[in-house]
Amino acid sequence: MKLIVDSGSTKADWIAIDDNGKVLFTTQTLGLNPEILDGPEIIERLNDRFDILQNKKNASHLFFYGAGCGTDRMKEWLKQIFQEYFSNAIVDVQEDTYAAVYATTPKGEEAIVSILGTGSNCSYFDGKVLHQKVQSLGYIVMDDCSGNVFGKELIRKYYFNKMPKELAVELEKEYDVDPDFIKNKLYKEPNPNAYLATYAKFLIKHKDTEFCKKIIFKGMKSFVKNYIKQFDNCKEVPVHFVGSIAFYLKDELQITFDKYELKLGNVLRRPIDGLIAYHVANQ
């Protein structure tokens with residue numbers, strides 16, 4: 001049994017397949033980002049899913065693609081945890097960008113591959129090797145155009161009284177905007193980036209308002225300039241995206257790309273289905 005995992009900071013999608021690619025079970029855990037979780041929290045999230053707990057000794061391979069796995073130190077640390085938990089499995093840990101690459105470039109063509117979800121990332125795939133020019137420093141200082149950055153912007157606009165009154169009223173109906181509640185979520189509870197990203201749903205829901213449009217296009221402009229345009233051939237190859245922000249704001253991405261003369265490629269909400277095809281073809 002092979003386990004394939006696509007993990008962001010908010011959630012992780014799990015699929016178990018046999019050698020022929022037949023799906024044995026699917027499940028979902030909370031995100032398993034090693035940059036913001038310690039070992040016991042990761043184990044607790046694994047144990048919380050019956051299918052994973054019951055099958056941990058049956059796994060022959062674990063292919064894990066995750067947010068927060070962009071450095072060798074984080075990959076090795078998480079690999080050790082998985083190796084102890086899935087004691088009979090060969091464990092391979094890669095950053096989440098590889099999941100996006102394998103899902104969006106099934107024929108191995110050159111492309112720029114980006115992630116826009118709770119966090120954000122961008123890499124160039126030459127058909128064989130992944131190249132990055134921007135090393136992510138996480139949600140506090142980077143993650144342009146991501147769900148958590150959009151969430152932070154909405155909260156700031158609300159508290160600085162820069163949000164239109166009618167939208168502020170709607171925000172108050174949908175979210176607990178009590179300052180003590182927000183500060184507790186941000187500074188005392190785990191996964192503050194995932195909490196911030198929950199506000200992105202509000203932005204997408206009201207994306208046709210001028211207020212939200214301005215925030216969205218400002219974020220996309222920043223992502224293009226700081227990430228995509230780092231690559232000299234950005235106008236020559238398609239730019240693929242994976243993630244809920246990209247998926248639900250695809251029209252806005254197309255408008256932005258037209259402005260910068262970029263080629264918008266595949267836009268997927270989740271890469272997990274494409275990963276199945278990749279691992280069956282490359283087993």
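Good morning. I begin with a lining: that of the second largest pocket has 11 nonpolar, no polar and three charged residues. Please keep in mind throughout that we are looking at a predicted model.

Let me stay with this pocket. Its volume is about 360 Å³. Lining the second largest pocket are 14 residues, and those nearest its centre are K152, I155, I182, L186 and Y187. The elements that contribute two or more residues to this lining are α5, α7 (179-187) and α8. Which of the elements gives the most to the lining? The answer is α7, with five residues.

I turn now to the largest pocket, whose volume is about 1100 Å³. It is lined by 49 residues, and G8, S9, G117, T118 and G119 are the closest to its centre. Among the elements that give two or more residues to this lining are the strands β1 (2-7), β2 (11-17) and β7 (120-125). Helices α4 (96-104), α5 (147-159), α8 (192-197), α9 (200-205) and α11 (244-248) also give two or more residues each. How is the lining of the largest pocket divided by class? There are 15 nonpolar, 24 polar and 10 charged residues.

How many cavities of 30 Å³ or more does a search of the whole structure find? The search finds one, and the volume of this largest cavity is about 30 Å³. Its lining consists of L116, C145, M220, F223, V224, I228, F241, L253, T256 and F257. By class, nine of the lining residues are nonpolar, one is polar and none is charged.

Helix α10 (residues 210-226) packs against helix α12 (residues 250-260) at an angle of about 50°, and their axes are 10 Å apart. Because of that angle, α10 is oblique to α12. The crossing of α10 past α12 is right-handed. On the α10 side, the contact is made by I216, F217, M220, K221, V224 and K225; on the α12 side, by E252, L253, I255, T256, F257 and Y260. This contact comprises eight nonpolar, one polar and three charged residues. M220, V224, L253, T256 and F257 take part in the contact, and these residues also line the cavity.

A further pair is α4 with helix α13 (residues 272-281). Their axes come within 8 Å and cross at roughly 75°. At that angle, α4 is therefore roughly perpendicular to α13. In the contact, A99, Y102 and A103 of α4 meet G274, L275 and Y278 of α13. Five of these residues are nonpolar, one is polar and none is charged.

My last pair is helix α1 (residues 39-47) and helix α3 (residues 72-85). The two axes come within 11 Å and cross at roughly 45°. Are α1 and α3, then, oblique or perpendicular to each other? They are oblique, and the crossing is right-handed. From α1, the contact involves G39, I42, I43, L46 and N47; from α3, it involves W77, L78, I81, F82 and Y85. Here there are eight nonpolar and two polar residues, with no charged ones.

Thank you for your attention.

Conventions:
Residues numbered from 1 in each chain as written. Predicted model: local features only at pLDDT ≥ 70, side-chain atom pairs only at ≥ 80, totals over all residues. Heavy atoms only, no water. Axes fitted to C-alpha atoms, helices over the stretch in contact; angles between N-to-C directions. Helix = DSSP H or I, 4+ residues; strand = E, 2+ residues; numbered from the N terminus. Parallel < 35°, antiparallel > 145°, perpendicular 65-115°, else oblique. Left-handed = near helix turned anticlockwise from the far one by under 90°. Contact = heavy atoms within 4.5 Å. Nonpolar A, V, L, I, M, F, W, Y, C, P; charged D, E, K, R; others polar. 1 Å grid on protein atoms, 1.4 Å probe; cavity = no way out; pocket = protein on both sides within 12 Å on 5 of 7 lines; lining within 4 Å. Points joined across faces, edges and corners; volume = space filled by probe spheres on them.
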